[in-house]
Amino acid sequence: MVKENMLPSISEECTARMTRSRAAASRASSVTLPPKAPTKQEMKKVTRGNSKRPASDENNPTGLQNKRRAVFKDVTNVLCDTSYRNCFNASKIQTKNKIQAKRVPAAKTSKVTPAPGVSLKILQDQEDTRKYKVEEETGKSGFDTQGSMFSLKSEGIEEMQQSTESDIRGCSLADLRLEEQISRKPTPCMKDKVEVGENYGNGPEITDIDSDHEDPLMCSLYAPDIYRNLHVAELIRRPSSNFMETLQRDISQSMRGILIDWLVEVSEEYKLASDTLYLTVYFIDRFLSQNFIERQRLQLLGITCMLIASKYEEICAPRVEEFCFITDNTYSRAEVLKMESEVLNYLSFQLSAPTVKTFLRRFLHAAHAFHKVPSVELDYLAYYLAELTLVDYSFLKFLPSLVAASAVFLAQWTLDQSSYPWNSTLEHYTNYKVPDMKITVLALQELQLNTSSCPLNAVREKYKNQKYKSVATMTSPKTLHKLF
């Protein structure tokens, strides 16, 4: 009797799914056993399942209060105010990934109002970085509890535009200036305004000599940066311009000139490149700037510096025995190697240096920009004038780039007196104006015209050859002063 009264009450209290153990027990006793008490996890599953429907006592027979949770795309800065809710960008919300929002307690609501004077653009930027709690009720939050995507109609977009205009009109003057500064594009610097192809000062347009990217030997992409670095490098580790007066007591300027004139003949004998000759003279002057040397060892220093320059510049450098032979075996192989060690240790094995020939390539390229047909005589004449300065000790006070620019100036004037030898393109790529080259050009013209009294004729004999178009026989008119 007791069991009969208990069974209906148990079956009415709760209903649960039948398991195999309960079914076996039920068949054994022919009585329906009460189900196991629901756990917390099962209660959560029931709560989640019922969260899709509004919570009420009729739909919730267990009497438990279900916590509703909304799942939606991405809602930030959600307010109960309809005017601010219209500020959402519908297209941006529809393209974002689904994110589950955190459950919000029923007692808490999220009402955030924009501060006065803040523009709509700043508020929209904050939507991507901030997350706010969502209100519990559907009517206040503006979206359903099932987590459907928030959408705006065309009327809402029109209201958003109207509210945007009203917000901007309500902004303070300082906020408008701030927004204008943010949206304003940066203005280029004054250096960026002067580009190749634009007017350089009041002269004609500058020709871009680096526009030919087909020839890989020209290094068109890197040439401006390379020569900008070379202009800085020529100021570093320069030889002294007065070492004959301050340090060297056993040798003179004429001895140095005789040595270099002889080295020009040696370079022609072994068919060395002109870069090797320029680098040899640079090593000699650098060593003599800080090291005292006797006149008996001056020739040893010359062949040793040419040996080092040949190893640096040439593909097949002459051997040590060949340099000993060219001096009629005045110095032994051991002496040459010992001097080589002294020079390299003094230079700290830093053998790279910009010479006059380095800048001549660039400047002659700029000079040919205004010639329809490239002039071979212009190249050979500029090379001839530049090599004349190697023998003269007084040209050590000038920078290599200045000597190269002056050689191009005088070469153009020698070949053609009908046009001015300088233009905006040469001024742009050499970084020298005509007044800057006046002293150097006049000194270079004296070397060019001094053909009779100078006993050092190795450079002149070299460029009298037909291979170099006999440019050593050309002279420039003495009316050069009127150009400055």
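Visitor: In which helix does E340 lie?

Guide: The model is predicted, so local features need pLDDT of at least 70, side-chain atom pairs count only at pLDDT 80 or more, and totals for chains, interfaces and linings use all residues. Residues are numbered from 1 along each chain as its sequence is written, and side-chain values use heavy atoms, leaving out hydrogens and water. Helices (H or I, at least four residues) and strands (E, at least two) are DSSP runs numbered from the N terminus. The run of residues 333-347 holds E340, and this helix is α17.

Visitor: Is E340 buried or exposed?

Guide: Buried means under 20% relative accessible area, exposed over 50%, and partly exposed in between (1.4 Å probe, protein chains only). Because its relative accessibility is 10%, E340 counts as buried.

Visitor: Which residues does E340 touch, not counting residues up to four places away in sequence?

Guide: Contact means heavy atoms within 4.5 Å. With residues up to four places away in sequence left out, E340 touches T304, L307, I308 and K311.

Visitor: Why do the buried residues of α11 line one face of the helix?

Guide: Helix α11 spans residues 223-233, and its buried residues are A223, Y227, L230 and H231. They line one face because, seen down the axis of α11, they fall within an arc (of the directions from the helix axis to the C-beta atoms) of 100 degrees.

Visitor: Which helices do the buried residues of α11 pack against?

Guide: The face turned away from the buried side of α11 carries the exposed residues R228 and N229. The buried residues of α11 pack against α18 (356-367), α20 (400-415) and α21 (424-430).
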